[in-house]
Amino acid sequence: MSSNSRLIAFIVIGLVVGAAVGYLSAGPISYNQQIDSLTKQLADAQGATSTALQKAQADLAKAQADLTASQSQIKALQDQISALQNPVLSGSISISGSTTVQPISQEAANEFMKLHNQVQVSVAGGGSGAGIKAAGSGQVDIGESSRVITEAEFLLYPNLVTTGIAKDSIAIVINPTLTGVTDLSFEQVAKIFAGEITNWKDVGGPDHAINLYTREAGSGTLSTFNEYFMTPTTGPAAKMWTRTISATASVKPSNGEMRTAVSSDPYGIAYISLGFVDSSVKSLKLAGVEATIDNVNSGKYPLQRVLWVFTNGQPSALEKAFIDYLLSPAGQKIVTDLGYIAIYS
Amino acid sequence: MSKGDWVGRILFVCASFSALVVFLITFYLLREGIGVLNWDFLTGTIWNPSLDLYGILPTLVSTLIVVGGAIVIAVAIAIPCAIFLAEYSPFWLRNIIKSAVEVIVGIPSVVIGLFGVIVIVPFIRDNIGGRNGEGILAGWIILALMIIPNIITISEDALRAVPSAYREASLALGATRWQTMRNVILPNASSGIRASLILGVGRALGETMAVLMVIGNPNIPFFPTSILDQVRTLTSTIAIEFSYVTWGSPHQQALYAMGVVLFFIIMVLNFVATFVIRKKVIAGE
């Protein structure tokens, strides 16, 4: 071939090849276009997604921030609620009344003041009648008594709110050196205190006059004693007789003084709260039953009474806290440690 | 206005304040107690509040017996002691005794009552008799213990206040110390000594806590027949019963009336004392 024809051949082949290539790459080009457009779409979509993602992330962050804010609000409100429910207690409570309940409230007051050291609690005695009157007339915050309110007192002080905080009994006590007397029947006790039996030898003791001790007229212990022994309305001697305590019985104005009088008088006899019985006096059996907490709980010792606290109207937050403390396990442990009986036993 | 006027008026206000207080107390007592204060109350023999019987005669008689006996015992011990301190004692002994007496004056009456319950009452019960040692005798001893220091200090001051010229003149005339004391100094000091007795009686009448602990306090008061009987006094009855009386009840009024009676007795006593002292001042000097 000649160089021209070779050149033409090359050109034609080149054109053909070029056309073929062109034609063939048109596919890829359109593919590319498709790919590009798809890529572009993808990129757009990705862009949109990432925008949406970013937006969503921003929303999430905002929502989380809102959540945190709400949570801290909730916590603040919860703190407020618990602050209202368990306030840091401060203030003072004055308590007076029954000398039977006085040791319990004194010990509980000490412990309560240790738990809440901005609170002052003061406890006095005076007898159940004095306590009811003091609480009802507003002289003290909490009154305590070892008997229920009488109708006359309820008419005078109709707003008194009562809570039972312990149980107790009454023991007949004599001097530990008095021999021969360990057991008395209900009727013997009534006769002794009425002055019908006047000598210890009539009940098994030595030949000596019996020295009687009794409580002042406002005492809850006295009125319980009267209810069971002298003019019995309850108990095994109910409605069997009516007697009055002898005029020569010596009046002592508290459980403690009754116990002291008997412990220093070899021929004395008195009645005191079961929680006051200790080794300085001897408690007598009643109709064969020993005066112990177990016997009182089981009912064999037939004398049981509830010890009460009163407030004038519903108790304030501080008073309620103290009364709740008395009723709590810690408070009831104080009750049983002192020799009384827990309220829920 | 001069300064003297101004001070005088302030002092007048202070003085009238104390008079006002006494007047208010009297008025309040009378107002509360006057409703029950009648002849039956004063001469009634049964005090039983639960039966609405308010007769204070046994309590009143017991009070007078207890206070009277205490005064007799106190005078028998205190006046000779005062004479000894004023005239006969050496200087060092006088200091010791005076200090001891002044300490006893300061002891709270409830502490003396405790002493009575723990020491005197068992002593009486074991050695002298009586039901359980509480009673009039224990009250006498306790009240005497409280009054004696008062009487000693005031009487001794009264004896010392007699001008020494009298004593020196008497001694110079050849009288013995006892003759001087009996005929010169004691008559001159007698108004002061009587004043101390009046103060002692006033304190004994008003003494509540110590008497309450040792006097026995029977359930229903009765007339005592021996010094070992248990009794009630006006003050011990008020102290025992006041905490539980219902407001406005006759029982409360009766207790106030007891206060009025006590107040009245002390007023009479003070009046007698003033009269006696004034008479002595007019007649003696």
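The model is predicted: local features need pLDDT of at least 70, side-chain atom pairs count only at pLDDT 80 or more, and totals for chains, interfaces and linings use all residues. Residues are numbered from 1 along each chain as its sequence is written, and chains are lettered from A and ligands numbered from 1 in the order in which they are written.

**Stop 1: the domains of chain A**

Colour domain 1 (91-167 + 306-342) and domain 2 (170-303) of chain A separately. The bounds come from an automatic or database domain assignment. Taken over C-alpha atoms, the centres of the two domains of chain A are 26 Å apart. Their contact takes 16 residues from domain 1 and 18 residues from domain 2 of chain A. Two residues are in contact if their C-beta atoms, placed from the backbone, lie within 7 Å. On the domain 1 side, select helix α3 (residues 128-136) of chain A: it gives the largest share, three residues. That side divides into five nonpolar, 10 polar and one charged. Ala, Val, Leu, Ile, Met, Phe, Trp, Tyr, Cys and Pro count as nonpolar, Asp, Glu, Lys and Arg as charged, and the others, Gly among them, as polar.

**Stop 2: the sheet**

Show chain A as a cartoon. Helices (H or I, at least four residues) and strands (E, at least two) are DSSP runs, numbered from the N terminus. Six strands of chain A make an open, mixed sheet in the order β2-β1-β3-β12-β4-β13. Two strands pair if DSSP finds at least two bridges between them. Which strands stand at the edges? They are β2 (119-126) and β13 (341-342) of chain A; each has a single partner strand, so one side of each lacks a neighbour in the sheet.

Now select β4 (residues 160-168) of chain A. Two bridges join β4(A) to β13(A), and the pair runs antiparallel. Lys167(A) stands opposite Ile341(A) in β13(A).

Next, pick helix α2 (residues 102-115) of chain A. Helix α2(A) packs on the sheet, touching β1 (91-97), β2, β3 (142-145) and β4 of chain A.

**Stop 3: where the chains meet**

Display both chains. The contact takes 19 residues from chain B and 25 residues from chain A. The chain B side divides into eight nonpolar, eight polar and three charged.

**Stop 4: chain B**

Chain B holds 11 helices and two strands. Its C-alpha trace spans about 70 × 70 × 30 Å along the principal axes.

Key: Axes fitted to C-alpha atoms, helices over the stretch in contact; angles between N-to-C directions.
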